[in-house]
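Here are my notes for your read-through. Please keep the model open beside them.

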Amino acid sequence: MSTTERTQWYIGAPNGVVLCINHFQDGLVSGELFHSYSEEGYIFQNFQQMTEYMEKLFDWLKFPHPGTNSRSFGEEKRPWYGEHERKKIMSDDKLLRKHGDIGTFIVRVQHRQNSSWQGRITWMEEDKTINFRSVWEMIKLIESAVDTVEGPEEPEKEASWFEEEND
């Protein structure tokens, strides 16, 4: 695919991340997550690790602002991310050159409302972008894209890469 055909390949937000999926089997995923504020990727072994790291990144960036806050009833813990300067280290071009063994996704979370995320995800190999309304829906989109052993499941009333509509 030439550069001119990659119409959906952009970061577009300070919190944009590139997910490089290297392994997917029996619902278990592993890979590496990249963002502009580090040269190093974050290796994850499952979706929970991936989403926890992304949530911490969003908290550190203070973007997007969460619609609800975490609460605790014990000793208050200091956030892991501190208050140091948020300076981009990796350019968007360099970030977009990262690729997973079986799938690569650009995730742009636009809102954190209703204790979940809403945004857009681009499947780089197919140059397709789709909106998601929750973390669960985003995970299902990633699973459906990288699940090459089984074909696409019968579409339900949820977002799917296999629909003709491309926002």
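The points below go from the overall fold to single residues.

1. **Ground rules.** This is a predicted model, so local features need pLDDT of at least 70 and side-chain atom pairs count only at pLDDT 80 or more, while totals for chains, interfaces and linings use all residues. Residues are numbered from 1 along each chain as its sequence is written, and side-chain values use heavy atoms, with hydrogens and water left out.

2. **Fold.** The protein has three helices and six strands. Helices (H or I, at least four residues) and strands (E, at least two) are DSSP runs, numbered from the N terminus. Their order from the N terminus is β-β-β-α-α-β-β-β-α. Take contacts (heavy atoms within 4.5 Å) between residues at least 6 apart in sequence: 54% of them join residues at least 24 apart.

3. **Burial and surface.** Of the 167 residues in the protein, 43% are buried. Buried means under 20% relative accessible area, exposed over 50%, and partly exposed in between (1.4 Å probe, protein chains only). The protein exposes about 10400 Å², and carbon and sulfur atoms supply 47% of that area. Accessible areas come from the Shrake-Rupley method with a 1.4 Å probe; for residues, only the protein chains shown count as cover.

4. **Main core.** The largest nonpolar core has 32 residues. Such a core is a set of buried Ala, Val, Leu, Ile, Met, Phe, Trp, Tyr and Cys residues joined through side-chain atoms within 4.5 Å. Leu-19, Met-54, Phe-105, Val-107 and Ile-121 touch the most other members. At least two residues each come from strand 1 (17-25), strand 2, helix 1, strand 4 (103-111), strand 5 (118-123), strand 6 (128-132) and helix 3. Helix 1 gives the most, with eight residues.

5. **Aromatic pairs.** A search of the whole structure finds four. Rings of Phe, Tyr and Trp (its six-membered ring) pair if their centres lie within 6.5 Å; planes under 30 degrees apart count as stacked, over 60 as edge-to-face and the rest as tilted. Tyr-37 is buried, at 12% relative accessible area. Trp-60 also counts as buried, at 8%.

6. **A stacked pair.** Tyr-42 and Tyr-53 are stacked, 4.1 Å centre to centre, with 5° between the planes. Tyr-42 lies in strand 3 and Tyr-53 in helix 1, so the pair ties together parts 11 residues apart in sequence. Tyr-42 is partly exposed, at 27% relative accessible area. Tyr-53 is buried, at 18%.

7. **Charged side chains.** The charged end of Arg-108 sits over the ring of Tyr-10, 4.0 Å from its centre. The test is NZ of Lys or CZ of Arg within 6 Å of the ring centre and within 35 degrees of the ring normal. Glu-143 lies in helix 3 (residues 135-146). Is Glu-143 buried or exposed? Glu-143 is buried, with a relative accessible area of 16%. Glu-143 touches Phe-24, Gly-27 and Phe-47, not counting residues up to four places away in sequence.

8. **Backbone points to check.** Most residues other than glycine have a negative phi, and most peptide bonds are trans. Phe-63 and Pro-64 are joined by a cis peptide bond, with omega about -10°. Lys-62 is not a glycine, yet has a positive phi of about 60°. Both Pro-64 and Lys-62 are found in the loop between helix 1 and helix 2. Asn-114 has a positive phi, near 55°. Asn-114 is in the loop between strand 4 and strand 5 and counts as exposed at 70% relative accessibility.
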